[in-house]
Amino acid sequence: MNRALLSDLSDWRLEIDIEGIAWATFDRQGESANALGRRPLEELMRIVERIEQGARDHEVKGLVIVSGKEKGFIVGADIREFDLLTTEASVIEAIRPVNAMLDRIEKMPVPVVAAVHGVCVGGGLELILACHYRIATRDEQTRFGFPEVKLGIFPGFNGTARSIRQTGPQDAMDAMLTGRMISATSARAKGFIDQLVDSAGTLHWAARRAVLERRHAKPAPAAKMLLARWPARSFVAGKMRDLVKREAREAHYPAPYRLIDLFESHGGGYDAMKAHETRAFAPLMVSDTARNLRRVFRLSEALKAQAPKDLGWKPRRVHVIGAGTMGADIAGVAVAAGMEVTLQDLSPEVIQKGIAAQGKLFARRFKTKPLRDAAKARLIADPEGRGLALADVVIEAIVERLDVKQTLFRDIEAKVKPDCVLATNTSSLRIEEIASGMANPSRLVGIHFFNPVAKMPLVEVVRGEASDPAMIDRASAFVVALAKFPLVVKSVPGFLVNRVLAPYMLAAMKRADAGEDIQKIDEAARAFGMPVGPIELADTVGLDVCAHVGKILGLEGEGAGGRLERLVSAGKLGKKSGEGFYVWKDGKPELKLETYNEADLERLGREIVEPLIREARRALDDGVVANADLVDAGMIFGTGFAPFRGGPLHYASERGGPHGERMAAAQ
Ligand code: NAI
């Protein structure tokens with residue numbers, strides 16, 4: 001029989017068993033996941049104190065830290081509380097007691113063991129690194145990582161020093177600089193974890209044994225630690241800087257650079273690294289970049305929240321019609337998300353080709369052969385459309401022709417289940433018109449994916465004038481089930497993303513027509529923080545597609561007529577035909593060797609995004625999405641708009657007045 005050691009905790013339970021082993025179970029009250037917010041940390045401090053006392057009194061033989069949640073261990077510090085810390089001093093003050101507590105865990109006279117099942121990242125990983133021994137389940141769900149860089153910071157609970165001590169500089173810095181998730185097996189190989197067990201059921205016994213045998217993790221072997229010595233450390237730091245430079249600019253994302261500086265200066269000593277970590281961490285935590293990246297995190301949550309959680313409906317079977325560029329990949333992501341998919345096309349060869357093309361995605365997503373085989377078995381060629389009758393969601397991705405789509409929906413409407421979601425992936429036709437021939441037009445919604453489907457996180461859920469709200473809810477839930485972000489948009493030409501993006505791209509082409517250097521235009525957009533420049537983006541999307549989008553948005557006057565039109569009529573469609581604005585070789589545009597003045601690029605970059613911001617504001621005024629945050633979310637997740645700037649409307653409002661009126665008026 002276990003006995004409670006502290007009975008007034010809310011987020012933890014602390015019990016002692018008959019063998020004298022104390023079990024601290026983290027089960028945050030009222031939350032589905034365990035985040036290390038202020039209250040759970042304060043309670044953990046009390047637990048540490050109680051265990052110290054128990055150890056002194058020979059009452060407690062050891063402590064095991066486990067999670068009370070079925071799925072996750074610890075998702076990290078509580079991001080929702082970060083905004084309360086507005087000055088470096090307040091950050092330092094908040095961190096100091098936590099780090100002192102972790103030191104006390106480390107110095108505990110009895111063994112402290114972490115027993116992990118489920119995700120353990122950020123502050124959670126830092127906590128277990130302060131324990132004496134770490135056991136984890138060999139489970140798909142058990143994963144480790146330091147995602148802090150994605151929030152503009154790096155580990156701040158002394159995880160920098162402790163991860164280097166346990167795994168060596170290479171693996172620790174790699175984890176912290178990339179933010180990548182690490183499987184349990186790989187975490188064991190690297191040294192983050194000391195022991196693996198097969199299932200959550202055996203975790204308890206393994207932890208008990210580790211305490212009774214007083215197991216203690218070994219630090220990284222000396223060979224791994226050679227890289228922490230001078231001058232090897234400086235050499236390694238240089239290499240890391242080169243790698244990071246390829247991914248992110250220092251001015252936009254300083255965190256990885258500061259982490260490398262910290263390692264270079266202090267990575268040779270455990271205590272020095274710990275001491276300097278907080279000093280380097282605090283300014284990052286209160287920086288604009290970190291604040292805006294936290295905003296991006298909140299926006300992603302807001303997008304997911306558009307899908308009601310309690311629908312009592314789950315998409316299990318999906319039928320996709322059209323196995324071309326989009327349809328096959330949509331089928332692929334649905335299968336990767338665990339759904340069963342039937343794929344239909346006029347041509348059986350196209351279906352086979354579309355299915356074969358998903359092999360790469362499955363290989364990436366599923367690490368074992370049985371899982372890959374199961375995925376293949378869930379993707380079924382269905383030339384006759386037998387899957388229609390069983391489907392929970394039907395997605396049409398056939399040729400972009402109104403009459404063909406109308407006929408299709410008229411024909412399939414009677415064949416599907418009454419509660420099945422009927423969706424079109426159209427990018428330019430009106431939902432209302434496609435639905436016009438249906439017996440019940442309110443059934444049709446748009447589910448607009450972006451190309452390439454597997455990579456793009458956003459999916460627009462299009463609400464036609466007559467669309468049934470229940471179907472919009474289901475379509476959004478389906479998108480969330482695909483692990484993507486839904487954005488509910490009004491049925492207007494270009495929906496949100498293409499409508500806002502098009503004027504920006506066409507304006508850039510107009511600059512090119514006026515003789516501006518296209519490479520400089522693209523470089524300026526990147527200097528602003530866009531993932532690719534507008535001209536390269538146009539070439540990548542396909543100039544025929546750009547011209548078409550321009551037309552449906554009534555923007556022929558903007559960039560069309562000029563080089564865009566000439567290139568399209570000459571069959572120079574961009575990347576796919578080998579030439580557009582750029583000449584393309586091996587999937588890359590040929591660039592001339594050129595360096596530009598930074599100040600020039602900065603000024604030009606701000607000018608180039610102006611049309612995007614203006615259109616974003618208009619889209620908001622027209623009610624294309626429900627609020628300004630959703631406009632920003634759509635542009636960040638749909639186009640990669642500079643995340644560290646927090647979205648176009650946020651950026652505009654930051655630089656002056658609500659939505660940047662001050663700037664706009666000054667122009
Ligand atoms: P695609 O031309 O690659 O594929 C269309 C496929 O549909 C072809 O394999 C064709 O055989 C098949 N098909 C035509 N009529 C059919 C019918 N009645 N029944 C069954 N199959 C039929 O076209 P893509 O690019 O995949 O586009 C499909 C839809 O997705 C279009 O509505 C397009 O506007 C939209 N879309 C395309 C994007 C892109 O980047 N390609 C992005 C977002 C939406």
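Asp632 belongs to helix H26, which covers residues 628–639 (helices, H or I, of at least four residues, and strands, E, of at least two, are DSSP runs numbered from the N terminus). The model is predicted, and local features need pLDDT of at least 70, side-chain atom pairs count only at pLDDT 80 or more, while totals for chains, interfaces and linings use all residues. Residues are numbered from 1 along each chain as its sequence is written, and side-chain values use heavy atoms, with hydrogens and water left out.

**Around Asp632**

- Asp632 counts as buried because its relative accessibility is 1%, where buried means under 20% relative accessible area, exposed over 50% and partly exposed in between, with a 1.4 Å probe and protein chains only.
- The side chains of Asp632 and Arg295 are joined by a polar contact of 2.7 Å (a pair of N or O atoms within 3.5 Å; within protein, one must be able to donate a hydrogen and the other to accept it, and residues adjacent in sequence count only if both atoms are side-chain atoms).

**Around the ligand**

- The ligand is surrounded by 19 residues, of which the closest are Met326, Asp345, Glu400, Lys405 and Ser427, a residue being near when one of its heavy atoms lies within 4 Å.
- An oxygen atom of the ligand lies 3.0 Å from a backbone N or O atom of Thr325, and a nitrogen atom of the ligand lies 3.5 Å from a backbone N or O atom of Leu346.
- In the side chain of Asn451, an N or O atom is 3.3 Å from an oxygen atom of the ligand.
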